[in-house]
Amino acid sequence: MGAAILSGLLTEILIPVAAVVGIVFALVQWLLVSKVRLSPEKATGSRDGVSDYLIEEEEGLNDHNVVVKCAEIQSAISEGATSFLFTEYQYVGIFMVAFAVLIFLFLGSVEGFSTKAQPCTYSKDKYCKPALANAGFSTISFLLGAITSLVSGFLGMKIATYANARTTLEARKGVGKAFITAFRSGAVMGFLLAANGLLVLYIAINLFKLYYGDDWEGLFESITGYGLGGSSMALFGRVGGGIYTKAADVGADLVGKVERNIPEDDPRNPAVIADNVGDNVGDIAGMGSDLFGSYAESSCAALVVASISSFGVNHDFTAMCYPLLISSMGIIVCLITTLFATDFFEIKVVKEIEPALKKQLIISTALMTIGIAIISWIALPSTFTIFSFGEQKKVKNWELFFCVAIGLWAGLVIGFVTEYFTSNAYSPVQDVADSCRTGAATNVIFGLALGYKSVIIPIFAIAVSIFVSFSLAAMYGIAVAALGMLSTIATGLAIDAYGPISDNAGGIAEMAGMSHRIRERTDALDAAGNTTAAIGKGFAIGSAALVSLALFGAFVSRAAISTVDVLTPKVFIGLIVGAMLPYWFSAMTMKSVGSAALKMVEEVRRQFNTIPGLMEGTTKPDYATCVKISTDASIKEMIPPGALVMLTPLIVGTFFGVETLSGVLAGSLVSGVQIAISASNTGGAWDNAKKYIEAGASEHARSLGPKGSDPHKAAVIGDTIGDPLKDTSGPSLNILIKLMAVESLVFAPFFATHGGLLFKIF
């Protein structure tokens, strides 16, 4: 077999050190952002004396009113976002405690709450810790994952609301300065989340080891609760935040832009604060929790399979920690990559923004490939065995390198295909914009067709990575491929969070009445951010497909199913019902956005019609009522879709058994991925088609504009339809497919012992 080069002791030092480095780097970036003052101050000639002062005069840098206004708007957005998240977390907290009790009761009942040692699941000749211990530790790891997920989302939101006005103020000095502020703030979130996720998981493993000792099978089975906790919180964050942001966005756009012909983010629009709050609670807090969930689950899936392979059987701690070492290397690689955007190269003109963000993806992927090679060489024995459906498959260390690398590069392919279909620099979105000449109907038809077409290449990329990684290293190969796709999570999140921060910065510029030139700069930042947000969603969906499949494999092994035979009625009924679930879930979330938007539109219309002087700008609208409508709607509406996802595996597993549940998981994975990609890309394309017309950067775009023209109004309608697709239903679906799989894995011991009640009766 040959031992790994890296010693166990060094592994125990390297992983927490990498996590701490990530946290320190995040704090340094935050300090740099905080240097931008949000209080009026006198200009002091600065570096080159007069010249800097003249630029400041020209851009109105000494206008105290603007700074005060920006600070006021920022605090209103921050307060709205904080109060919404606190309300959401109260409800989610109740669910968290209730579900933790459920985990303990279900898993504890496997051996009738016995405290005696039991024969191990996979090595019957050895004795493992009792099922009751597994229940207790699974519950603790579930709570750990849930709390880490909530903290990740909350910190992300706090950083974004801290940075939005600062980005606006920096835009007065040029687009480069604004870009660096927005990107650094995104990096704070990315690194905090990646490092926290790694550190908490690592500490949990080491603490659990004190009790479990040599029983690694039980130890890593109980760690799967960490992934379940992370993803269940992400579901509520994504759905709740998505309903909030889109209700406000649709209400603000339909009445403000289409009916009243006022610009986006105009301070006269009553829904404008709610819209900007929504960007932070949906795109930042929701996305943060979502990617944390993916990361936690792919790590857990890999660890579970490894614990019953030669790594776990031989108690090889370094090889066992291979998934954590990949994540540690990812933090270091992303740190170097971030410096390329903030320190090595400076952006001087608008057209350099999008290439700079794309370079981040390419540089991090290229560097990470080298990083994976190093980790595979030093952390793995030259040959070892991997558990594959009851057998041990012989694998070499270079084969695992290929598994991780193919996941990493498949992520990049999905990212760039997503960009091609959603960026207005390419023909697909320009064709959608052109179709607005003949009205909203043709725009909708073109947009839907684009979304369906955009599924083709990502699915092939996922299929190739599944085939190669499974052929090389069975289910462990798929788990580490998912981890490979997520290994550059810090950079991915930095790029993702950059979008909503820039969007908010543009909104603040408009509301504070800053010059047209500033708004042009923030619009350019926002347009690039829109495309990168779509790339981020592509990554999230691709990794969710791989994670879900790896968890599915672990579930099938744990539930002792030898083969999943589609031709048996038990499995087939599960398959067809599972394929239906993403549609049911999408219907719920779409309708929730629709009914919340309906209330918002009525409220915005009421204010325009009844508040005298609102259109003239002499009186302020009642922002608080619109914020309340969004908050109430999202809290109420997030519960049914959440319940659907959380209860399905429990009901199917308990009443129909593990074979039917395996069918449900396969069906939901296969149909969920397709709908998620097409929904996200359709919505992204409609949004950027509208922005393409508004920017009027080319002759073609100018022929469709200006703002307020018929083609522009058709584009706004398309964008409004796409909003719930790209920001609520699409991104939430990837959580649905992961969450059902990880939940089935956690409850597998119970389903294997007591499941299938209906089939036992009849």
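Modeller: Gladly! Helix 16 and helix 17 are roughly antiparallel to each other. Please keep in mind that this is a predicted model.

Biologist: At what angle do the axes of helix 16 and helix 17 cross?

Modeller: The axes of helix 16 (residues 489-511) and helix 17 (residues 516-558) come within 7 Å. Angles over 145 degrees count as roughly antiparallel, and this pair therefore gets that description. The axes cross at roughly 150 degrees.

Biologist: Is the crossing of helix 16 and helix 17 left-handed or right-handed?

Modeller: Handedness goes by which way the near helix is turned from the far one, and anticlockwise by less than a right angle is the left-handed case. For helix 16 and helix 17, the crossing is left-handed.

Biologist: How many charged residues does the contact of helix 16 with helix 17 have?

Modeller: Helix 16 contributes residues including Ile495, Asp496, Tyr498 and Gly499, while helix 17 brings, among them, Ile518, Arg519 and Thr522. By class, the contact has eight nonpolar and eight polar residues, and the charged ones number five.

Biologist: Stepping back, what is the radius of gyration of the protein?

Modeller: The protein has 24 helices and four strands. For 762 residues the globule rule gives 27 Å, and the protein's value is close to that, so it is as compact as a globular protein of that length; the radius of gyration is 26 Å.

Biologist: What share of the residues in the protein is buried?

Modeller: A residue counts as buried under 20% relative accessible area. Of the 762 residues in the protein, the buried ones make up 65%.

Biologist: Is Ser185 buried or exposed?

Modeller: Ser185 lies in helix 5 (residues 175-212). Beyond its neighbours within four places in sequence, Ser185 is in contact with Val33, Ile159, Ala163 and Ile501. Its relative accessible area is 1%, and the cut-off is under 20%, so Ser185 is buried.

Biologist: Where is His315 found?

Modeller: Phi of His315 is near 55 degrees, a positive value in a residue other than glycine. At 32% relative accessibility, His315 counts as partly exposed. His315 is found in the loop between helix 8 (310-313) and helix 9 (317-320).

Biologist: And which helix does Ala474 lie in?

Modeller: Ala474 also has a positive phi, near 50 degrees, in a residue other than glycine. Ala474 is buried, with a relative accessible area of 1%. Ala474 lies within residues 456-486, which form helix 15.

Key
Residues are numbered from 1 along each chain as its sequence is written. This is a predicted model: local features need pLDDT of at least 70, side-chain atom pairs count only at pLDDT 80 or more; totals for chains, interfaces and linings use all residues. Side-chain values use heavy atoms; hydrogens and water are left out. Axes are lines fitted to C-alpha atoms, for helices over the stretch in contact, and angles run from 0 to 180 degrees between N-to-C directions. Helices (H or I, at least four residues) and strands (E, at least two) are DSSP runs, numbered from the N terminus. Angles under 35 degrees count as roughly parallel, over 145 as roughly antiparallel, 65 to 115 as roughly perpendicular and the rest as oblique. Contact means heavy atoms within 4.5 Å. Ala, Val, Leu, Ile, Met, Phe, Trp, Tyr, Cys and Pro count as nonpolar, Asp, Glu, Lys and Arg as charged, and the others, Gly among them, as polar. The radius of gyration is taken over C-alpha atoms; the globule rule is 2.2 Å times the number of residues to the power 0.38. Buried means under 20% relative accessible area, exposed over 50%, partly exposed in between (1.4 Å probe, protein chains only).
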